[in-house]
Amino acid sequence: MNSTIEQLVRPEIRALTAYAVPDSQGLIKLDAMENPYTWPDELKRLWLTELAEVDVNRYPHPQAPALKERLRHHLGLEESSGLLLGNGSDELIQMLAMTVGGPGRTLLSVEPGFVMYRMIAHFTHTQYIGVPLQSEDFGLTPEPLLAAIEQHQPSLIFLAYPNNPTGNLFDQDAIHQVLAAASGLVVIDEAYAPFTDATFLPLLDEYPNLLVMRTLSKMGLAGLRLGMLAGAAAWLEQIDKTRLPYNINTLTQVSADFALRHQAILDQQTQTLRHARDEIFAQLSELPTIRAYPSDANFILLRLTTPGSANALHQHLRSHGILIKNLHGSHPLLEECLRITIGTEEENILLLKGIRGFKG
Ligand SMILES: *Cc1c(COP(=O)(O)O)cnc(C)c1O
């Protein structure tokens, strides 16, 4: 590395690896929890009519009030709850860390978990503590987590519910214990809400330190980049100060509002994906060399029982034109693990055929 770069770039940034997105051109893309379905042509035409009205020479509305109103309705938020929007929930994680993180402060989560919590802790000079989940089923045992909270007094705790990359919902009682024990903010990240019936939104009134984070990404609007944070207005007012002006661009404001007016289509798609997930889980569970973990999300975590097989199956599928996520080597609890995103019916058939054809 050039010595000036070495001198000037903060050591914790030099030590990081940039968030890697593999080239997926020409491949069936089952690596990133996207909704594989697009919109009917008629709906696309209606959408374009509305986009044509947008004056892109002007800045977007800084508060996006129309979209916020629609989102409040979509989430079923009480009057008393605040709502903050981010350029994806990733940006909200960053705003949270800028608000209550920093030198001498701790961000705590569980592992294996969503990698952005750790990365953003590093970006913001915040100490990161990752408490291991149970090795058997990735469940959350309260004792080690409560001990870590007691020891490190984190100002910010993230729990993804369902968790990524494991797909499971944590025990609700354990989360209640965390909420009661934590003096800092506890963010329940419900990115996979469209694929489960469980949510902590109704508990916002009960816990003043609870925030619930959602995103439109996994329900079929990943390209728009829109995340939401709901919770006590007094907290959100402070976090809002770290928001860059105009963070939600005009095309996103108009398109998300449009999509939510036609939400029935997205709901149909996510219903189809839920059914497909359960069907794929049942089929994979019958295979002798694979353990599939139950999922409440739009992906399934797999573990291969033969050492060396995860890399080989990943490569085998890749050579058959299917891209999935290889988690082997990313965390000690994810040895021989792969993650598959649920695709269209045709894609799922090809995936299962590819997995069955693998002699590892
Ligand atoms: C995908 C994902 C996100 C990121 O959502 P964006 O709104 O697309 O930034 C957040 N949290 C978890 C747990 C995720 O899996």
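Trainee: How far is an oxygen atom of the ligand from a polar backbone atom of D90?

Mentor: Keep in mind as we go that this is a predicted model. A polar contact is a pair of N or O atoms within 3.5 Å. The pair made by a ligand oxygen and a polar backbone atom of D90 falls within that cut-off, at 3.1 Å.

Trainee: How much of the ligand's exposed area does the protein bury?

Mentor: Picture the ligand taken alone, when it exposes 390 Å². It sits in the largest pocket. The share of its area that the protein buries is 93%.

Trainee: Which elements give two or more residues to the shell around the ligand?

Mentor: There are 13 residues around the ligand, and D189, Y192, T215, S217 and K218 come nearest. By class, that shell has 4 nonpolar, 5 polar and 4 charged residues. The elements that give two or more residues to it are α5 (89–100) and α9 (217–221).

Trainee: Where is the proline whose peptide bond from E111 is cis?

Mentor: Most peptide bonds are trans. The bond from E111 to P112 is cis, with omega near 0 degrees. P112 lies in the loop between β3 (106–111) and α6 (115–123).

Trainee: Is A64, with its positive phi, buried or exposed?

Mentor: Most residues other than glycine have a negative phi. A64 is not a glycine, yet its phi is positive, at about 45 degrees. You will find A64 in the loop between α3 (41–51) and α4 (65–75). Its relative accessible area is 2%, and buried means under 20%, so A64 is buried.

Trainee: How does R225 count: buried, partly exposed or exposed?

Mentor: R225 is another residue other than glycine with a positive phi, near 60 degrees. R225 is found in the loop between α9 and β8 (227–232). Buried means under 20% and exposed over 50%, so with a relative accessible area of 30% R225 is partly exposed.

Trainee: Which residue's side chain does R274 join in a polar contact of 3.0 Å?

Mentor: R274 has its place in helix α12 (residues 263–285). At 14% relative accessibility, R274 counts as buried. The partner side chain in the 3.0 Å polar contact is that of D197.

Trainee: How far apart in space are K241 and T99, C-alpha to C-alpha?

Mentor: K241 is found in the loop between α10 (233–239) and α11 (250–261). With a relative accessible area of 61%, K241 is exposed, and its side chain makes a polar contact of 2.9 Å with the side chain of Q238. K241 and T99 are 142 residues apart in sequence, while in space their C-alpha atoms are 8.3 Å apart.

Trainee: And what separates the C-alpha atoms of E150 and H328?

Mentor: The place of E150 is in helix α7 (residues 142–152). E150 counts as exposed at 60% relative accessibility, because the cut-off is over 50%. Along the chain E150 and H328 are 178 residues apart, and their C-alpha atoms are separated by 32 Å.

Trainee: One more, please: what is the relative accessible area of C337?

Mentor: C337 has its place in strand β13 (residues 337–341). Between C337 and L133 there are 15 Å in space, C-alpha to C-alpha, and the two are 204 residues apart in sequence. C337 is buried, and its relative accessible area is 0%.

Methods:
Residues are numbered from 1 along each chain as its sequence is written. This is a predicted model: local features need pLDDT of at least 70, side-chain atom pairs count only at pLDDT 80 or more; totals for chains, interfaces and linings use all residues. Side-chain values use heavy atoms; hydrogens and water are left out. A residue is near a molecule or strand if one of its heavy atoms lies within 4 Å of it. A polar contact is a pair of N or O atoms within 3.5 Å; within protein, one must be able to donate a hydrogen and the other to accept it, and residues adjacent in sequence count only if both atoms are side-chain atoms. Accessible areas come from the Shrake-Rupley method with a 1.4 Å probe; for residues, only the protein chains shown count as cover. On a 1 Å grid over the protein atoms alone, a cavity is a set of points where a 1.4 Å probe fits but cannot get out, and a pocket is an open set with protein on both sides within 12 Å along at least five of seven lines; lining residues have an atom within 4 Å of a point. A molecule sits in a cavity or pocket if more than half of its atoms lie within 2 Å of its grid points. Helices (H or I, at least four residues) and strands (E, at least two) are DSSP runs, numbered from the N terminus. Ala, Val, Leu, Ile, Met, Phe, Trp, Tyr, Cys and Pro count as nonpolar, Asp, Glu, Lys and Arg as charged, and the others, Gly among them, as polar. Buried means under 20% relative accessible area, exposed over 50%, partly exposed in between (1.4 Å probe, protein chains only).
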